[in-house]
Amino acid sequence: MDMRQLVGRNVIRIRLKKGLTQEQLAEVSGFSQQYISGLEKGRRNPTIVTIYELALALGVSHMDLVRPDK
């Protein structure tokens with residue numbers, strides 16, 4: 001499985017579960033809405049620091065962003 005797609009799907013799933021738009025996630029995370037969009041589409045290759053910062057912004061563990069789908 002492509003990790004970029006896995007992280008993207010997890011970010012979308014968690015963001016929607018929290019009721020956040022891409023713009024709101026961008027605001028709390030410090031990343032641009034364009035970056036969030038590209039990440040969710042699997043077009044970005046996030047660093048471990050990026051994954052950690054997104055997890056903090058989403059209020060989840062960084063492991064939740066890299067955990068395979070059930």
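How many positive and how many negative side chains does the chain have, and how far apart do the centres of the two sets lie? There are 11 positive and 7 negative side chains, and the two centres are 5 Å apart. Before going further: what you see above is a predicted model.

I'll start with the fold. The chain has five helices and zero strands. In sequence order, the pattern is α-α-α-α-α.

Next, the overall dimensions. The C-alpha trace spans about 30 × 20 × 20 Å along its principal axes. The radius of gyration is 10 Å, which agrees with the value near 11 Å that a compact globule of 70 residues would have. Of the contacts with a separation of 6 or more, 57% are between residues 24 or more positions apart.

The accessible surface of the chain is about 4400 Å², and carbon and sulfur atoms contribute 53% of that. Buried residues account for 37% of the 70 residues.

Now back to the charges. Side chains of opposite charge can pair when their charged atoms come close.

Asp2 pairs with Arg4, with the closest N and O atoms 2.8 Å apart. Asp2 has a relative accessibility of 26%, so it counts as partly exposed. Arg4, at 34%, also counts as partly exposed.

Next come Arg15 and Glu40, which meet in a salt bridge with an N to O distance of 2.6 Å.

The remaining bridge joins Asp64 and Arg67, where the closest N and O atoms are 2.6 Å apart. Asp64 has a relative accessible area of 22%, so it is partly exposed. Arg67 is partly exposed too, at 41%.

To recap: the predicted model has five helices and zero strands, with a radius of gyration of 10 Å.

Terms used: Residues are numbered from 1 along each chain as its sequence is written. This is a predicted model: local features need pLDDT of at least 70, side-chain atom pairs count only at pLDDT 80 or more; totals for chains, interfaces and linings use all residues. Side-chain values use heavy atoms; hydrogens and water are left out. Helices (H or I, at least four residues) and strands (E, at least two) are DSSP runs, numbered from the N terminus. The radius of gyration is taken over C-alpha atoms; the globule rule is 2.2 Å times the number of residues to the power 0.38. Buried means under 20% relative accessible area, exposed over 50%, partly exposed in between (1.4 Å probe, protein chains only). Contact means heavy atoms within 4.5 Å. Accessible areas come from the Shrake-Rupley method with a 1.4 Å probe; for residues, only the protein chains shown count as cover. Lys and Arg count as positive and Asp and Glu as negative; His and the chain ends are not counted. The place of a charge is taken as NZ of Lys, CZ of Arg, CG of Asp or CD of Glu. A salt bridge is a side-chain nitrogen of Lys or Arg within 4 Å of a carboxyl oxygen of Asp or Glu.
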